[in-house]
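Dear colleague,

Please find the structure below, handed over for your use.

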Amino acid sequence: MAETLRIERTTTPRARPNETDLGFGRQFTDHMLVVEYDEGRGWHSPRIVPYGPIALDPAAAVLHYGQELFEGMKAFRGKDGNVRLFRPDKNCRRMNEGAARLCMPEFDPAWMEELITELIRVEEDWVPRSPGTALYIRPTMIATEPFLGVRPSKKYTFFVILSPVGSYFSGGMAPVKIWVEPKYVRAARGGLGAVKTGANYAASLLAAEQAKKAGYAQVLWLDAAEHRWFEEVGTMNLFVKIGDEIVTPPLGGSILDGVTRDSVITLLRDWGMKVVERPIAIEEIATSFSRGELHEIFGTGTAAVISPVKELAFRGESFVVGNGEIGPVARRLYDTITGIQAGTLADPHEWVRSI
Ligand code: COI
């Protein structure tokens with residue numbers, strides 16, 4: 001039987017931010033959820049407390065060996081004023097599966113979802129109201145044992161913070177130019193690529209910075225072995241429409257099993273479109289481009305939902321996608337997913353949970 005959740009409310013609530021200028025992940029709500037783990041005792045002392053710094057021993061394992069895991073999901077306020085979570089069960093399950101890969105303790109996904117829902121209820125008033133906004137939810141698990149030997153920690157903290165957000169990309173959904181990275185890789189098969197751990201994002205920074213300096217919004221990651229096969233784009237899963245087929249790379253252990261990726265595949269199948277999970281190489285992009293069959297490329301993720309690509313640059317060559325504008329598939333997916341999230345469209349797969 002899980003321990004009772006303790007709630008300590010802040011005595012100094014902050015003013016709500018201006019919803020026209022939320023940006024992404026810059027502001028945080030009044031409270032956070034904290035749960036602790038000790039070997040032999042399990043997860044204990046769940047509490048919602050005022051938002052604030054976490055005291056860590058400088059020897060805490062997470063600071064040295066990166067034993068860390070996080071998630072990203074969103075709560076939305078509909079036109080009806082109700083707050084809805086989008087597929088939180090999937091995120092909680094993924095976090096629990098990721099924990100096993102990082103030798104972190106199991107965390108019952110149903111309990112995780114219950115605790116997160118409780119936190120959203122406490123912070124309900126922080127869920128923004130304007131179209132395109134949401135409350136971003138960031139569950140995080142860190143190794144806290146003060147010990148410099150390299151082995152799994154015996155102590156952990158799980159915490160959840162919340163951030164009212166606008167569009168991930170300033171300017172909303174707009175097609176971006178992408179740099180196909182020939183040298184650096186995000187993750188290798190057998191590594192941590194399928195796990196939402198900070199290390200994957202640390203690995204991505206240098207190439208992403210270089211791409212930005214060269215005028216590109218994000219990096220498209222190729223596989224680590226042959227530098228040919230598409231993996232992810234920026235922090236997102238990837239879809240390519242060639243002819244009448246929509247292709248996405250298969251989950252081979254080096255890419256993340258995205259919740260939006262799964263939602264997109266499901267919707268495309270619902271619509272009777274041909275969607276296949278199969279490897280896709282840069283050479284196929286070049287061929288389909290020269291045949292005039294490269295119709296759409298887009299990234300999918302919780303933060304941006306759908307991010308269309310207008311151009312790919314690879315080793316001095318440039319491939320313009322479609323006519324360089326938002327394609328009809330990307331547009332329809334964006335409108336459908338955001339409509340389901342807002343509660344204005346039917347939700348046949350029961351993805352949405354009211355709090
Ligand atoms: C997402 O697309 O949801 C992400 O994973 C981005 C996040 C790391 C900011």
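The notes that follow concern a pocket, the cavities and a pair of helices.

The model is predicted, so that local features need pLDDT of at least 70 and side-chain atom pairs count only at pLDDT 80 or more, while totals for chains, interfaces and linings use all residues. Residues are numbered from 1 along each chain as its sequence is written, and side-chain values use heavy atoms, with hydrogens and water left out.

The second largest pocket

Pockets and cavities are found on a 1 Å grid over the protein atoms alone: a cavity is a set of points where a 1.4 Å probe fits but cannot get out, a pocket is an open set with protein on both sides within 12 Å along at least five of seven lines, and lining residues have an atom within 4 Å of a point. A volume is the space filled by probe spheres set on the points, which are joined across faces, edges and corners.

The second largest pocket holds about 410 Å³ of space. Its lining has 23 residues, and Tyr136, Arg138, Lys196, Tyr201 and Thr235 lie nearest the centre. Two or more lining residues come from each of strand 7 (134-143), helix 4 (198-213), helix 5 (259-270) and strand 15 (294-301). Helices (H or I, at least four residues) and strands (E, at least two) are DSSP runs, numbered from the N terminus. By class, the lining of this pocket has 10 nonpolar, 9 polar and 4 charged residues; Ala, Val, Leu, Ile, Met, Phe, Trp, Tyr, Cys and Pro count as nonpolar, Asp, Glu, Lys and Arg as charged, and the others, Gly among them, as polar. Domain 1 (6-165) and domain 2 (176-342) each give at least three residues to the lining of the pocket, with bounds from an automatic or database domain assignment.

The cavities

There are 2 cavities of 30 Å³ or more. The largest cavity has about 90 Å³ of space. It is lined by 13 residues, and Lys74, Phe86, Thr260, Thr302 and Gln341 are the closest to its centre. Strand 5 (73-77) contributes the most to this lining, with 3 residues. The largest cavity also draws at least three lining residues from each of domain 1 and domain 2.

The second largest cavity has a volume of about 40 Å³. Among the residues lining it are His295, Glu296, Pro308 and Val309. Strand 15 supplies the largest share of that lining, 3 residues.

A helix pair

The axes of helix 2 (residues 88-101) and helix 3 (residues 109-122) come within 9 Å and cross at roughly 125°. Axes are lines fitted to C-alpha atoms, for helices over the stretch in contact, and angles run from 0 to 180 degrees between N-to-C directions. Helix 2 and helix 3 are therefore oblique to each other, since angles under 35 degrees count as roughly parallel, over 145 as roughly antiparallel, 65 to 115 as roughly perpendicular and the rest as oblique.
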